[in-house]
Amino acid sequence: MKALIFIQTEDNKILRSCTESISGIQAVLNTADDSIDTLFLDSSVQGELETYEVNINHLITDIRKFNPLEYICIMESMISELSPDIIIFSHTYQTRDWAPRLSARLNIPFVSDCINIVKEEDGVLLTKQMYQGKVNADILAKSPVIVSFQSGAFRADEIKEGTSDTHEKSLNLNINTESIRPLDKFKESKGEVDLSSAEIIVSVGRGISKEEHMHLVKELSESLSAELGSSRPVVDYGWLPHERQVGSSGQVVSPKLYLAIGISGAIQHQVGMKGSDNIMAINKDPNAPIFEIADYGIVGDLFEIVPKLTELIKNHQS
Amino acid sequence: MKICVLIKQVPDKDSKIRINSDSKTIDSTNITNIINESDNYALEEALLLKEKHGGEVVVCTFGNESSNGIIKTALAKGADRGIFIINTKPHYIDILNVAKIITDNIKSEKFDIILSGLQSDDSGNCQLGLLIAEMLNTSHASLVMSTEMIDDSTIKVKQELESGWFQWTELNFPTSLTIQSGINTPRYAALRGIMMAKNKPVEKIELDISGYTPFLSLEKLYIPSKSKETQFINGAPEEIASTIVNILANEIKVL
Ligand SMILES: Cc1cc2nc3c(=O)[nH]c(=O)nc-3n(C[C@H](O)[C@H](O)[C@H](O)COP(=O)(O)OP(=O)(O)OC[C@H]3O[C@@H](n4cnc5c(N)ncnc54)[C@H](O)[C@@H]3O)c2cc1C
Ligand SMILES: Nc1ncnc2c1ncn2[C@@H]1O[C@H](COP(=O)(O)O)[C@@H](O)[C@H]1O
């Protein structure tokens, strides 16, 4: 089986999720008939790629800045040249902006955001999360197939080192990308709150259900001298400013205590807080994914527990 | 301006998800169905665009009979008409085929803008809007956080990128945008809207999916196993609270 891995880079470094993918695929494609190629566009990571045990790294040298239509053509051209059985991406924001279109163009299915892969007779068995992490699905795909992996699906530190060669190539693509015109990238001005240095974070999710209830978590947070954090919906509703959002599109935190209240623990939230020393979760649903990573779990109604807890903490301190 | 909003019915986030004994389907009893979260934001964005620049908002869903409910809700909020592609044999259909089915049934409409949610909360593919963009040969942008019309056939959108980066992108019509949550504040259906919705047209298409060859096969659904040993704290609320205080003071040592 032949794999082609697309390597995404940022600030002249390979994204960690891409190294994880190489590592994960090395573990699965490990017979003499298997081979793994990579495709990359940023020559500054060539040195690093050549230290991994893969077959060939393909460097495309004539690429301007990101345009989804152009990236699709690059991949299309390399896929027709190499005929891989599986085409692999990391489930990044950039992947979301062009890989699905590649799937439609090639009429090859794309199984996105997978957490596991097993080699089968004439294809692969892929595991992906559904229902926001509450259910796993095993999906059988015949090759060729496009797959993207969730960040953290594999361990980057288990990557097999070795040597590999790089083939440079210019594609001289002459495609019209006029219908999509990306302008410059920018960052929004940073908020005042830096949650990454907080010792305790009391974090609130949609389970709080109404803005009028927000005082419950604010009081708890004050009693612990903690910072208040939240999941995305709470910010989307305008109940807290964006600078308090934890997760893939918010801050990444690692406090001594992360107290998740009424948060289900979707993967986009987990990536922002799973590095916390201690995770405690209060949730009425015993199957909430947050309990998969919690050290301490309380299955119950936050409206009953939070006020009591605030009261006892205050008592304890006086 | 002709705008299409793709909406999908999904279980309410608080619904308890149970897997049927066939290991391939979800038990639909006791599940409250709602419109997928990001689709709700997509619908609001369409209504705002229409209010500002004129035009028509058409909502389209592909789903089983019960999906009628979300079409009604969307019409009550202000969409002008619906296209309801009814799946008479609901079972797992890969997203590439869903895209083909929807494309086949909307392409004659020649929409200027197709809005969809960034991701469906049940199957979570993050794909449909782009698959359709390719099939209809339109421009596209994913993870859209803001929109701004430039002229009659050009729109500028703000996209969310990796690690806190953003980008404005200009797009020619026709275009397909996938909408991220938080882009606006979705409205609720007012009573007047609910009354008016009754007279709005919904085109119902009974689909025979046998013409679409599956690309993927769903082997099994299961509840994920836990990766961490969780210490569960049980009891009445007072007992739980006092155990937590104890843990905070003596185990985690933050009190
Ligand atoms: C590209 C992208 C980026 C994203 N970025 C982020 C991000 O940075 N951060 C983020 O958080 N999310 C992010 N999300 C959204 C994410 O997928 C989830 O939708 C979100 O995290 C869910 O938030 P929640 O847990 O508060 O809500 P829900 O998933 O609705 O969970 C609410 C929980 O509250 C519980 N609950 C309800 N009532 C009670 C009660 N009375 N007592 C106790 N428990 C109760 C429920 O059982 C449920 O588990 C992103 C999504 C996408 C697609
Ligand atoms: N069956 C469907 N009918 C209508 N719209 C859909 C359907 N499935 C997905 N969508 C739309 O496509 C978006 C992305 O879905 P997905 O690619 O499954 O994550 C959703 O948020 C909806 O807007």
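1. Helices are DSSP runs of H or I with at least four residues, strands are runs of E with at least two, and both are numbered from the N terminus. This is a predicted model, in which local features need pLDDT of at least 70 and side-chain atom pairs count only at pLDDT 80 or more, while totals for chains, interfaces and linings use all residues. Residues are numbered from 1 along each chain as its sequence is written, chains are lettered from A and ligands numbered from 1 in the order in which they are written, and side-chain values use heavy atoms, without hydrogens and water.

2. Now the helix itself. Helix 1 of chain B covers residues 37-53, 17 residues in total. From first C-alpha to last it reaches 25 Å, close to the expected 24 Å. The expected span is 1.5 Å times one less than the number of residues.

3. How many of the 17 residues in helix 1 of chain B are buried? Twelve are, so the helix is mostly covered, with buried meaning under 20% relative accessible area (exposed is over 50%, partly exposed in between; 1.4 Å probe, protein chains only). Among them are Tyr41(B), Leu43(B), Leu47(B) and Leu49(B). Glu37(B), Asp39(B), Glu44(B) and Glu45(B) are also on the buried list.

4. Turn to chain A. Leu15(A) sits in the loop between strand 3 (13-14) and helix 1 (16-28). Leu15(A) counts as buried because its relative accessibility is 15%. Beyond its neighbours within four places in sequence, Leu15(A) contacts Gln8(A), Thr9(A), Glu10(A) and Thr92(A). Contact means heavy atoms within 4.5 Å. Glu168(A) is 153 residues from Leu15(A) in sequence, and their C-alpha atoms are 21 Å apart.

5. Where is ligand 1? Ligand 1 lies between chains A and B. Its shell has 34 residues, the closest being Arg206(A), Ser231(A), Ser249(A), Ser264(A) and Asn283(A). A residue is near a molecule or strand if one of its heavy atoms lies within 4 Å of it. Helices 4 (93-96), 7 (232-236), 8 (267-273) and 9 (302-317) of chain A each give the shell at least two residues. By class, the shell has nine nonpolar, 17 polar and eight charged residues.

6. Last, distances at the ligand. A polar side-chain atom of Asn283(A) is 2.7 Å from an oxygen atom of ligand 1. For a side-chain N or O atom of Gln245(A), the distance to a ligand 1 oxygen is 2.9 Å. A polar backbone atom of Gly262(A) lies 3.1 Å from an oxygen of ligand 1. Taken alone, ligand 1 exposes 990 Å², and the protein buries 95% of that.

Conventions: Polar contact = N/O pair within 3.5 Å; in protein donor to acceptor, adjacent residues only side chain to side chain. Areas by Shrake-Rupley, 256 points an atom, 1.4 Å probe, with all protein chains shown as cover. Nonpolar A, V, L, I, M, F, W, Y, C, P; charged D, E, K, R; others polar.
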